[in-house]
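User: I would like to know what stands behind the labels used for this protein. Please take me through them one by one.

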Amino acid sequence: MLYDTHYRHNEALSPDALGTLPAALHALNAGVDDCRRAGKPIDRDASILLLIRNLASVAERGAPSTNELRLRCAEDRNSVIAGSALLAIAGNTVVGDGAAKRTFHRQARLALASLAEAIGLEADDVRIDTDIGGIADDGTTELRHADLSIRVRPHSFLPDSEITFNRCRGGEHAGPVQRAPIAELLDAKAFQRRLTATVGDVGAPRLAAAA
């Protein structure tokens with residue numbers, strides 16, 4: 001059902017109360033919703049264009065130069081790349097949060113690949129797959145090797161056990177399931193010590209040489 005209101009027109013014609021960035025942004029977002037309900041083209045609606053200009057004007061007031069903002073944006077981006085969302089997400093279910101689920105499992109695959117290399121597993125002998133699960137499932141990312149299986153989930157009912165792993169024979173599970181906290185996915189030395197104490201010296205020679 002399409003219907004129009006004059007909310008966005010009022011805000012656009014009297015923007016005096018929209019002098020802060022949050023207020024200007026809220027008015028624009030609400031105006032876009034208002035425009036969509038009316039079935040009007042957003043890119044040609046006069047009120048939307050006025051609200052965009054008001055937002056730009058408010059954003060420019062007292063703002064640093066474009067070059068400074070680009071530098072700060074690049075620094076923030078590098079910090080995100082260098083960090084990991086795994087630790088922030090771990091311990092929480094991602095059911096119903098598609099973005100968090102995709103982020104977790106994408107980073108879990110990368111972390112498992114790095115871990116495999118660090119503990120001495122040949123890349124050609126390792127398979128890493130993700131079962132993203134349904135809407136009511138957190139999903140699982142698994143590293144499978146002829147001698148080892150490592151599974152990672154964002155949430156576990158037991159504390160500090162987002163990682164489960166066990167010895168394999170010929171690629172099939174052949175030993176009791178062991179558990180580890182997600183932090184050890186990012187700490188190869190700690191995980192290697194846990195492997196040695198539980199399932200044996202899988203890949204230990206390369207890690208020892210790297211140390």
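Analyst: Start with helix H2. Its buried residues are Ala24, Ala27, Leu28, Ala30, Gly31, Val32, Asp34, Cys35 and Ala38. This is a predicted model, where local features need pLDDT of at least 70, side-chain atom pairs count only at pLDDT 80 or more, and totals for chains, interfaces and linings use all residues. Residues are numbered from 1 along each chain as its sequence is written, and side-chain values use heavy atoms, without hydrogens and water.

User: What makes H2 a helix, and how many residues does H2 have?

Analyst: A helix is a DSSP run of H or I with at least four residues; a strand is an E run of at least two, and both are numbered from the N terminus. H2 covers residues 21–38, which is 18 residues.

User: Which helices do the buried residues of H2 pack against?

Analyst: They pack against helix H1 (7–13) and helix H3 (46–60). Contact here means heavy atoms within 4.5 Å.

User: Why is Asp160 called exposed rather than buried?

Analyst: Buried means under 20% relative accessible area, exposed means over 50%, and partly exposed lies in between (1.4 Å probe, protein chains only). Asp160 has 54%, so Asp160 is exposed. Asp160 sits in the loop between strand E3 (148–152) and strand E4 (163–169).

User: How many bridges join E2 to E3?

Analyst: Five, and these strands run antiparallel. A hairpin of two residues joins E2 to E3. Glu142 stands opposite Arg151 in E3.

User: What makes both faces of E3 count as covered?

Analyst: In a regular strand the side chains alternate between the two faces of the sheet. On one side of E3 are Leu148, Ile150 and Val152; on the other are Ser149 and Arg151. All of these are buried, and both faces are covered.

Methods:
Expected span 1.5 Å × (residues − 1). Pairing = 2+ DSSP bridges.
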